[in-house]
Amino acid sequence: MEKNTEISNELKAISPLLAEIPRVNIQSVPPGYFESLGERITIYSLLNQEETEEDFKTIEAGVPAGYFENLSDSILSKVKTIAGEDVEEDYSVLNSLKNSNVFHVPKGYFENLSDTILSKMQQKEKTKVISITRKTWWKYMAAALIAGIMLVSAFYLFNLGGNNVSPYLAAAKEYQTSTQIAEGIASLNDDDIISYLETHGNITDNDAILNNIDTDRLPTEADYLFDNNTLNNFLNKINIDYK
Amino acid sequence: MKNPQNDQELLESFKNPATKERAFTDIIKKYQERLYWHIRRMVVDHEDANDVLQNMFIKVWKGLENFREDSQLYTWLYRIGTNESLTFLSAQKKRHATSLSDEENGLSNKLKSDEGFDANKLEWKLQLGIQSLPEKQRLVFTLRYYDEMPYQEMSKVLGTSEGALKASYHHAAKKIEDFILNN
C-alpha cells in the first residue's frame with residue numbers, strides 16, 4: 001500500500017531510518033487466509049469450545065483460516081446467547097401469534113400521529129423553560145442565602161423589642177416585604193455577593209453541586225488513562241475553582 | 001466492493017429491528033480487519049486479540065442504539081477497541097502482578113516466540129521497538145504509522161489534543177530509532 005505522503009514526509013523528518021523500513025506486517029497471515037472460507041467453522045464455532053480450541057491449537061501464530069469470514073456470525077451468536085435468545089428454539093406458537101394484535105388503536109391514529117407530535121413539540125418550544133445553568137446556579141444560591149439571613153435577622157430584631165436599637169435593626173426595617181427583599185437583592189452586584197460568600201459563605205451543598213453538573217459530560221474512565229490532566233481540564237472547563 | 005453501504009445507512013438499518021442483525025453483521029465485516037490489527041498490535045497475541053475484539057463488538061451491540069451520530073462510527077469503534085485493549089492489558093498486568101517494564105518485556109517475549117522471528121531483521125527490530133514504548137505512545141505510533149490516522153481523528157479516539165499527539169508520535173519515533181540503533 002502506498003504510504004500517505006504527508007505521514008511519510010513527517011516520519012522522514014523525524015527519523016529517516018524508520019521512514020526507510022518497509023511497512024510490512026510481519027504478523028500477517030499467509031496469502032489467502034482472509035479470503036478462504038472456513039466452511040467447517042459454523043455460526044456456533046465460538047460456542048463450541050472444543051472445536052474452536054482444537055482449531056486454534058493448530059495455529060501458533062497468525063490468524064486461523066476463515067477467522068474473519070466467520071467472525072461476525074460468531075459475535076452475533078454470542079450476543080444472542082448473552083441476551084438470552086436461543087436461535088435454535090422453536091417459537092412457532094409465538095410466531096403464529098406475531099401478527100395478531102389484541103390492542104385497539106383509534107381509527108386514523110397513526111395517520112395523524114406525526115402531526116400531533118410535531119404540534120406538541122412546537123407548543124413545548126414556545127413554553128420552553130429556561131434552566132439554571134452551571135454558571136449561574138451559585139448566584140441563585142447566594143441570593144437565597146442572603147435573603148434567608150435578612151429574614152432571620154428581621155424576625156429576631158422585631159421580636160426583641162426594647163429601646164436598644166442596633167444598627168442592624170435600621171437596615172432590617174428596610175426589608176419587611178418580599179418586594180423590598182427582592183429589590184435589595186437586585187441592588188447587589190456580583191462582586192458584593194462573591195465578597196460576602198468569601199468571608200461568610202461556605203458552599204458545601206454537595207447535592208446542589210451535583211444537581212447542577214451535567215454528568216453526561218464527565219470524563220470517562222479512559223480519559224483518565226490517556227491524560228493525567230483530565231480532572232484539571234474538566235474542572236477548568238466547568239469553571240469550578242478548587243484548592 | 002464487499003461492503004458498499006456507508007456508515008449512515010448501516011446505522012439506519014441497525015435501528016430497524018427487521019434489519020438490525022444484518023446491519024450489525026455488515027458493521028463487523030466492514031471494520032473487523034482494521035480493528036483486529038489495531039487491537040493485535042496492542043496485545044500482540046492472536047487469541048488475546050480475538051477475545052478483545054469479540055468483547056468489543058458485544059459492547060458495540062449494546063451501545064450502538066445510543067450511539068450519538070455527531071461522531072463518526074469508525075472513530076467510536078476505534079475508541080472502544082482502544083479502551084478494551086487497555087483494559088485487557090491492565091487486567092493482565094494485575095493478574096500477573098508484574099511491573100510495567102516486566103509487562104512490556106512480556107509483550108516483547110510474545111513477539112520473540114513467533115516462529116518467524118528473526119532478531120537480525122529490521123522489521124522485527126521495529127516491532128520490538130514498538131513494544132518497548134509506553135502504552136500511550138505505542139497507541140499513537142501504531143495509529144499513525146499503520147492506520148494512517150489523521151491527528152484530528154486520533155484526537156477524538158484518544159481524547160488528547162492534536163499537539164500532544166504530534167509530540168507523542170515524535171517521541172515514539174525517536175525512541176524506536178534509538179532502540180533499533182542500539183539493539
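Me: Which residues touch the most other members of the largest nonpolar core?

Reply: They are B:Ile39, B:Leu53, B:Val140 and B:Phe141, in a core of 50 residues. A nonpolar core here is a set of buried Ala, Val, Leu, Ile, Met, Phe, Trp, Tyr and Cys residues joined through C-beta atoms within 7 Å. H2(B) gives the most to this core, with 10 residues. One thing to keep in mind: this is a predicted model, where local features need pLDDT of at least 70, side-chain atom pairs count only at pLDDT 80 or more, and totals for chains, interfaces and linings use all residues. Residues are numbered from 1 along each chain as its sequence is written, while chains are lettered from A and ligands numbered from 1 in the order in which they are written.

Me: And what is B:Phe141 in contact with, leaving aside neighbours within four places in sequence?

Reply: Its partners are B:Ile130, B:Leu133, B:Tyr169, B:Ala172 and B:Ala173. Two residues are in contact if their C-beta atoms, placed from the backbone, lie within 7 Å.

Me: New topic. How many helices and strands does chain B have?

Reply: Chain B has nine helices and zero strands. These are DSSP runs numbered from the N terminus, with helices being H or I of at least four residues and strands E of at least two.

Me: How much of chain B is buried?

Reply: Of its 183 residues, 35% count as buried. Buried means 20 or more other C-beta atoms within 10 Å of a residue's own, exposed means 12 or fewer, and partly exposed is in between, with C-beta atoms placed from the backbone.

Me: Is B:Val44 buried or exposed?

Reply: B:Val44 is buried, with 22 other C-beta atoms within 10 Å. This residue lies in the loop between H2 and H3 of chain B, and its phi is near 75 degrees, a positive value in a residue other than glycine.

Me: What about B:Glu148, where is that found?

Reply: B:Glu148 is in the loop between H7 and helix H8 (151-158) of chain B. Its phi is positive too, near 50 degrees, and B:Glu148 counts as partly exposed, with 15 C-beta neighbours inside 10 Å.

Me: Last one: how many residues of chain B are in contact with chain A?

Reply: 36 residues of chain B are in contact with 30 residues of chain A. On the chain B side, the largest share, eight residues, comes from H2(B).
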